[in-house]
Amino acid sequence: MEVVIVPDAKAGGELIAEAMAKLLRRKPGALLGVATGSTPLPVYEALAAKVRSGAADVGRARIAQLDEYVGLPAEHPESYRSVLRREVLEPLGMGMDQFTGPDGTAEDVQGACEAYDKALSDAGGVDLQLLGIGTDGHIGFNEPCSSLASRTRIKTLTEQTRIDNARFFDGDIDQVPHHVITQGIGTILEARHLVLLATGDGKADAVAATVEGPIAAVCPASALQLHPHATVVVDEAAASKLKLADYFRHTYLNKPEWQGI
């Protein structure tokens, strides 16, 4: 696992966006896995700027969704499909024909989960999956004690998660769905390159457990240690609990420039 410590969220966003741009130059039809939330926004903003300047071309690129609410209509403004359309597709000038995600409105939810796993495989697999991390170490909606071999499946949201997400639903927890479809940890690990972005001191404990702790289901993100190409990009605050922070700075400073992340 490579750990890159950056000054702030903007620098992290620029670094990851440049990695995406380089990938698209090598493979114009790459499948990019994206996440929702505030943490990845600097990545999308930086990539959109590259598209506008001509430094990146997303004309043949494809976007894959990480998770989705169950039972929320696709056109609902807070469905993750709608959020990603606003925050990723439209700023990049991409159409919905370049997007793939699970069907959160399917009558057969388990069937929809299996269908999405198959769709990712049929699409050639995710080339780069962008991830955030929760304060408890969750990735996607794989909460602590999720199987490290799990596939795309339905998960029940904790009460705290529903309380936290109520701010997107006019503060009304009753509007927040109880269930989500999420790529499983096993599914996530099949992406060719995993890039986790974490910012702020609230993520410091989770980052330390992910990078330097044991591989354990209690910290789902620790499964990234099993991946042959995983990059953890953190700002100084999120890196504050890392015992090997100085080593990570040294290795990145002395890394060949052509290698990228």
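**View 1. Q129 meets its bridge partner in strand β9.** In β9, Q129 has L194 as its bridge partner. The model shown is predicted. Strands of a sheet pair through backbone hydrogen bonds, either parallel or antiparallel.

**View 2. Seven strands make an open sheet.** The order is β1-β10-β9-β6-β2-β3-β5. The pairing is parallel. At the edges stand β1 (2-6) and β5 (99-100). Each has a single partner strand, so one side of each lacks a neighbour in the sheet.

**View 3. H193 belongs to strand β9.** This strand covers residues 193-198. Is H193 buried or exposed? H193 counts as buried because its relative accessibility is 6%, and the cut-off for buried is under 20%. The side chain of H193 makes a polar contact of 3.2 Å with the side chain of H229. Neighbours within four places in sequence aside, H193 also touches other residues, including D127, L128 and Q129. H227, T231 and I261 are among its contacts too.

**View 4. Helix α2 packs against helix α3.** Helix α2 spans residues 41-53, and helix α3 spans residues 80-92. Their axes come within 9 Å and cross at roughly 10°. The two helices are therefore roughly parallel to each other. From α2, the contact uses L41, Y44, L47, A48 and V51. From α3, it uses E87, V88, P91 and L92. Eight of the contact residues are nonpolar, one is charged and none is polar.

Notes:
Residues are numbered from 1 along each chain as its sequence is written. This is a predicted model: local features need pLDDT of at least 70, side-chain atom pairs count only at pLDDT 80 or more; totals for chains, interfaces and linings use all residues. Side-chain values use heavy atoms; hydrogens and water are left out. Helices (H or I, at least four residues) and strands (E, at least two) are DSSP runs, numbered from the N terminus. Buried means under 20% relative accessible area, exposed over 50%, partly exposed in between (1.4 Å probe, protein chains only). A polar contact is a pair of N or O atoms within 3.5 Å; within protein, one must be able to donate a hydrogen and the other to accept it, and residues adjacent in sequence count only if both atoms are side-chain atoms. Contact means heavy atoms within 4.5 Å. Two strands pair if DSSP finds at least two bridges between them. Axes are lines fitted to C-alpha atoms, for helices over the stretch in contact, and angles run from 0 to 180 degrees between N-to-C directions. Angles under 35 degrees count as roughly parallel, over 145 as roughly antiparallel, 65 to 115 as roughly perpendicular and the rest as oblique. Ala, Val, Leu, Ile, Met, Phe, Trp, Tyr, Cys and Pro count as nonpolar, Asp, Glu, Lys and Arg as charged, and the others, Gly among them, as polar.
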